[in-house]
Amino acid sequence: MPMPPRFQPSCPPDAHKVMRDPENKVAAALCVRVEDKELENGPREICELLGAFSKNPIISCSDDARLKIEGNAAGEEIMPAFLKILEGGGAVISQTGHPDHGVKVCDLTDESKARLFLDELLKDQVVVIPMASMYILRSISTVYAWDKLLAQQFLRQYEDALNKLTAPDRTLLEDVRYGRVDALKVKELSATAYPFLKLERKLFLQYPSED
């Protein structure tokens with residue numbers, strides 16, 4: 001499994017829920033951009049990674065990638081929806097068996113726009129994020145609802161780690177995601193890739209999604 005399994009608590013459901021209203025209402029939905037080059041890693045493997053992100057992921061991708069993801073979704077027990085940008089402007093979310101519905105879109109796949117992430121979460125829209133950063137950003141969005149300062153701290157750590165990545169680092173992290181390289185070896189292989197991976201694994205384990 002590319003991502004570590006989360007430990008399942010033995011205590012009753014909701015025992016650790018924060019018993020107060022969230023400080024910040026997260027109105028946006030996250031959408032993962034899956035580039036065609038990801039298909040080289042295999043559509044089943046892509047679906048496995050998306051399943052760790054959400055059981056109902058929203059995906060932005062080409063028509064070719066959509067067909068391959070749909071063909072492997074059931075095997076990984078996910079029910080994806082797809083973001084489609086319309087030719088005349090605007091966008092819709094499309095899911096098999098459900099009517100399309102229009103949405104506003106904020107594209108943050110340009111990593112230089114990462115600093116805008118928290119502000120965009122407050123808007124009723126779909127925020128498109130890079131696949132390579134999906135676990136970190138999803139976890140930060142979970143934190144933000146309850147603790148703005150902590151979310152800001154994590155976002156700064158993310159930006160710092162992101163800015164230090166080299167092209168070989170990105171290849172190394174992709175190999176880790178798809179299980180070709182042991183995550184435990186990253187620290188000795190690259191001092192600049194390790195902070196990104198360390199933050200990803202920390203947030204992934206501590207701040208799971210609600211689904």
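## Two crossing helices

Helix axes here are lines fitted to C-alpha atoms over the stretch in contact, and angles run from 0 to 180 degrees between N-to-C directions. This is a predicted model, in which local features need pLDDT of at least 70 and side-chain atom pairs count only at pLDDT 80 or more, while totals for chains, interfaces and linings use all residues. Residues are numbered from 1 along each chain as its sequence is written, and side-chain values use heavy atoms, with hydrogens and water left out.

Helices (H or I, at least four residues) and strands (E, at least two) are DSSP runs, numbered from the N terminus. The axes of helix α1 (residues 43-53) and helix α2 (residues 63-73) cross at roughly 70 degrees and come within 9 Å. The two helices are therefore roughly perpendicular to each other, a term that covers 65 to 115 degrees (under 35 counts as roughly parallel, over 145 as roughly antiparallel and the rest as oblique). On the α1 side the contact is made by P43, R44, I46 and C47, and on the α2 side by K68, I69, N72 and A73; contact means heavy atoms within 4.5 Å. By class, five of these residues are nonpolar, one is polar and two are charged. Ala, Val, Leu, Ile, Met, Phe, Trp, Tyr, Cys and Pro count as nonpolar, Asp, Glu, Lys and Arg as charged, and the others, Gly among them, as polar.

## The sheet

Strands of a sheet pair through backbone hydrogen bonds, either parallel or antiparallel. Here, two strands pair if DSSP finds at least two bridges between them. Seven strands form an open sheet with mixed pairing, in the order β5-β4-β3-β2-β1-β7-β6. Its edge strands, β5 (98-103) and β6 (105-107), each pair on one side only. From one strand to the next, the twist averages 30 degrees.

Strand β1 (residues 29-33) pairs with strand β7 (residues 126-130) in the parallel sense over five bridges, and L30 stands opposite V127 in β7. The pairing of β1 with strand β2 (residues 58-60) is also parallel, over three bridges; R33 has S60 in β2 as its bridge partner. Strand β4 (residues 91-95) pairs with β5 in the antiparallel sense over four bridges. Q95 stands opposite H98 in β5.

## Pocket and cavity

On a 1 Å grid over the protein atoms alone, a cavity is a set of points where a 1.4 Å probe fits but cannot get out, and a pocket is an open set with protein on both sides within 12 Å along at least five of seven lines; lining residues have an atom within 4 Å of a point. Grid points are joined across faces, edges and corners, and a volume is the space filled by probe spheres set on the points.

The second largest pocket holds about 380 Å³ of space. Its lining has 19 residues, and K37, E38, P130, A132 and R170 lie nearest its centre. Helix α6 (residues 167-177) gives the most to this lining, with six residues. Eight lining residues are nonpolar, three polar and eight charged.

The count comes to one cavity of 30 Å³ or more. The largest cavity has a volume of about 40 Å³ and is lined by L108, E111, A114, F117, I129, L137 and Y158.
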